[in-house]
Amino acid sequence: MTRFLTSAALALASLASAAQAQEPPEPNLTIEQRTALRCSVAFALVAEGQARGDAAMTAYPALGERGREFFVRTSARIMDETGLSRDAVVGLMGAEVESLREEGALDRVMSPCMLLLDASGL
């Protein structure tokens with residue numbers, strides 16, 4: 001699990017860099033796809049914060065395993081449903097990282113995202 005959290009932290013850093021380096025594509029995602037994408041990124045940010053020992057992130061349930069599985073399944077599902085490439089999905093996730101940080105929205109989205117995670121059965 002530690003390896004995932006390290007990988008997630010590196011992936012989030014590269015997602016943020018990718019979002020700054022290029023404009024993400026503007027695919028026509030459904031509200032369900034956009035919500036799952038945003039929650040996937042939120043889970044990765046929280047899991048990374050939990051791994052660092054960030055006190056604010058320890059207020060949430062541990063997301064290393066469940067959050068990772070949700071992230072992976074969401075990415076695969078969006079690629080399957082939209083035909084987007086992995087790079088395109090990475091670009092979208094990078095934009096979500098920036099959006100959540102700029103808006104200071106992580107705490108605001110976590111409650112509905114946790115409901116979505118619970119509803120997913122993971």
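From the N terminus on, the elements of the protein chain follow the order α-α-α-α-α. In this predicted model, the secondary structure amounts to five helices and zero strands. The helices named below are helix H2 (31–52), helix H3 (residues 64–82), helix H4 (residues 86–103) and helix H5 (106–120).

The protein chain has 122 residues, of which 45% are buried. Its accessible surface comes to about 6700 Å², and carbon and sulfur atoms account for 53% of that area. Among the contacts with a separation of 6 or more, 80% are between residues 24 or more positions apart.

Seven salt bridges were counted in the model. One of them joins arginine 38 to glutamate 103, with 2.9 Å between the closest N and O atoms. This pair links distant parts of the chain, since arginine 38 belongs to helix H2 and glutamate 103 to helix H4, 65 residues apart. The two partners were also assigned to separate classes of accessibility. Arginine 38 has a relative accessibility of 18% and therefore counts as buried, the cut-off being under 20%. Glutamate 103 has a relative accessible area of 43% and is partly exposed, a class that lies between the buried limit of 20% and the exposed limit of 50%.

Glutamate 103 also takes part in a salt bridge with arginine 108, at 3.7 Å from N to O. Arginine 108 counts as exposed because its relative accessibility is 54%, and exposed means over 50%. Arg38, Glu103 and Arg108 belong, together with Glu96, to a network of salt bridges.

Another salt bridge is formed by the side chains of aspartate 54 and arginine 52, with an N to O distance of 3.4 Å. Aspartate 54, with a relative accessible area of 25%, is partly exposed. Arginine 52 has a relative accessibility of 54% and so counts as exposed.

The model was also examined for pockets. Rolling a probe the size of a water molecule over the atoms shows where empty space is left. The second largest pocket holds about 170 Å³ of space. Its lining consists of Glu32, Ala36, Phe70, Arg73, Thr74, Arg77, Leu116, Ser120 and Leu122. Helix H2, H3 and helix H5 are the elements that each give two or more residues to this lining. The largest contribution comes from H3, which supplies four residues. By residue type, the lining of the second largest pocket divides into four nonpolar, two polar and three charged residues.

One of the lining residues is Thr74, which is located in helix H3. Threonine 74 has a relative accessibility of 4% and therefore counts as buried. When residues up to four places away in sequence are left out, threonine 74 touches Ala36, Leu37 and Ser40. Of these partners, Ala36 is also listed in the lining of the second largest pocket.

Conventions. Residues are numbered from 1 along each chain as its sequence is written. This is a predicted model: local features need pLDDT of at least 70, side-chain atom pairs count only at pLDDT 80 or more; totals for chains, interfaces and linings use all residues. Side-chain values use heavy atoms; hydrogens and water are left out. Buried means under 20% relative accessible area, exposed over 50%, partly exposed in between (1.4 Å probe, protein chains only). Contact means heavy atoms within 4.5 Å. On a 1 Å grid over the protein atoms alone, a cavity is a set of points where a 1.4 Å probe fits but cannot get out, and a pocket is an open set with protein on both sides within 12 Å along at least five of seven lines; lining residues have an atom within 4 Å of a point. Grid points are joined across faces, edges and corners, and a volume is the space filled by probe spheres set on the points. Ala, Val, Leu, Ile, Met, Phe, Trp, Tyr, Cys and Pro count as nonpolar, Asp, Glu, Lys and Arg as charged, and the others, Gly among them, as polar. Accessible areas come from the Shrake-Rupley method with a 1.4 Å probe; for residues, only the protein chains shown count as cover. A salt bridge is a side-chain nitrogen of Lys or Arg within 4 Å of a carboxyl oxygen of Asp or Glu.
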